[in-house]
Amino acid sequence: MTAVHRLTREEARQIAVRSQLLDASMPTDLLDTVRRLTLVQYEPTAAVAPSADLVLWSRLGRYFRPDDLQRALASHVLLEMRSMMRPAHDAALYRAEMQAWPGEDATGWARHQADWVAANDACRRDILARLRDAGPTISRDLPDTCVEPWKSSGWNSGRNVAMMLELMELRGDVAVAGRLGRERQWDLAERLYPDDPVVPEPDASHERRMRRLRSLGVARARTTQTPGEQNDVGDVGEPAVIDGVRGQWRVDPAQLGRDFEGRTALLSPFDRLVFDRKRMLELFEFDYQLGIYTPEPKRRFGFYALPVLHGDRLVGKVDATANAPDGILRVNRIYEDEPWNAELKDAVTAELESLAFMLRLRVQRDTAG
């Protein structure tokens with residue numbers, strides 16, 4: 001039986017930071033970085049920059065250019081799957097699940113989705129035929145031939161073609177070929193997914209959990225889920241407990257006993273280091289609120305505050321806004337969780353200058369901030 005590893009909070013944080021490539025040993029290659037992270041989330045809010053650009057810049061620094069990411073997507077070396085950018089060859093780890101969708105034992109919402117697709121199978125087949133003829137197409141250019149409308153209490157009600165494409169992606173019928181602005185261009189999955197052998201689902205599920213743990217370093221076996229990628233890892237890795245944190249964790253054994261050298265980094269609010277807010281609070285004890293979903297009078301740290309990582313601690317937030325027409329990266333306010341020393345202030349200033357260079361802007365500090 002594998003012994004349970006006992007970690008201090010500091011050790012757990014260092015494992016998490018190092019696994020996310022945010023320690024002093026910075027990567028230099030974009031594709032290798034995405035492979036090691038396993039995914040980079042697509043998130044359209046660009047108050048500063050698209051989240052994917054921020055995530056990759058936080059790791060690669062001066063080695064990252066947004067055009068490099070766009071070229072990787074255009075050449076389909078990277079693919080967007082379920083709003084996550086992944087290495088194209090990772091599609092083989094999802095295709096068995098797609099082929100079995102929604103699964104023999106599907107109930108509830110998944111069964112409802114499958115029944116709706118079945119009721120509108122003529123629409124599904126029409127979309128496939130049109131994509132086969134036309135190639136990459138946005139949803140609003142595809143006719144709605146559904147006989148049963150999509151019903152929901154949310155904003156998707158009546159958006160039949162958009163919902164059909166979402167579910168056809170889960171089935172493995174279609175995939176995202178690119179984007180026109182924020183709109184996805186859809187094409188046949190067979191044209192986009194590499195012709196790799198399909199990994200059987202039990203093996204694929206295990207491999208996905210292993211990769212997730214390697215990218216997170218330390219994670220719950222089971223936890224509350226958030227949209228997109230799962231936050232938990234099941235029984236992979238080795239068991240661990242963290243001093244001062246309740247419950248059982250799993251740790252990547254390759255990360256145990258390694259030296260740690262940190263650095264200062266500005267993070268996307270959707271960065272995987274902080275995306276699981278429960279884990280963020282447990283490990284980093286970081287007080288944070290993203291403002292984009294909150295009415296302005298109730299925002300605590302502005303509209304799109306960037307968490308500040310220093311070593312193995314999250315130490316503050318930078319509320320900034322990019323104004324490309326004016327050529328300015330405006331720093332509205334900096335929030336110091338505890339008073340920063342001169343070294344940390346200089347490091348954050350250097351990161352802001354690096355971010356502005358990536359965006360081809362110049363930094364302007366709000367005198368009131």
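Mentor: Let's begin with the surface. Accessible areas come from the Shrake-Rupley method with a 1.4 Å probe, and for residues only the protein chains shown count as cover. Here the accessible surface of the protein chain is about 17800 Å², and carbon and sulfur atoms hold 48% of that. Keep in mind that this is a predicted model: local features need pLDDT of at least 70, side-chain atom pairs count only at pLDDT 80 or more, and totals for chains, interfaces and linings use all residues. Residues are numbered from 1 along each chain as its sequence is written, and side-chain values use heavy atoms, leaving out hydrogens and water.

Trainee: How many helices and strands does the protein chain have?

Mentor: Helices (H or I, at least four residues) and strands (E, at least two) are DSSP runs, numbered from the N terminus. The protein chain has 13 helices and 15 strands. Its radius of gyration, taken over C-alpha atoms, is 22 Å, close to the 21 Å from the globule rule (2.2 Å times the number of residues to the power 0.38) for 369 residues, so the chain is as compact as a globular protein of that length.

Trainee: What share of the residues is buried?

Mentor: Buried means under 20% relative accessible area, exposed over 50%, and partly exposed in between (1.4 Å probe, protein chains only). Buried residues make up 51% of the 369. As a local case, helix H12 (residues 277-284) has buried residues including Arg-279, Met-280 and Phe-284. After H12 comes Glu-285, with a positive phi near 50 degrees.

Trainee: Is Pro-44 buried or partly exposed?

Mentor: Pro-44 is partly exposed, because its relative accessible area is 29%. You'll find Pro-44 in the loop between strand S2 (40-41) and helix H3 (51-60).

Trainee: Which side chain of opposite charge is nearest to Arg-250?

Mentor: For charges, Lys and Arg count as positive and Asp and Glu as negative, while His and the chain ends are not counted. A salt bridge needs a side-chain nitrogen of Lys or Arg within 4 Å of a carboxyl oxygen of Asp or Glu. Arg-250, in strand S10 (residues 245-251), is buried without a salt bridge; Asp-235 is the nearest side chain of opposite charge, 6.1 Å away.

Trainee: Which backbone oxygen lies 2.9 Å from a polar atom of the Arg-250 side chain?

Mentor: That is the backbone oxygen of Val-236. The Arg-250 side chain also reaches the backbone oxygen of Gly-237, at 3.0 Å.

Definitions and conventions. Polar contact = N/O pair within 3.5 Å; in protein donor to acceptor, adjacent residues only side chain to side chain.
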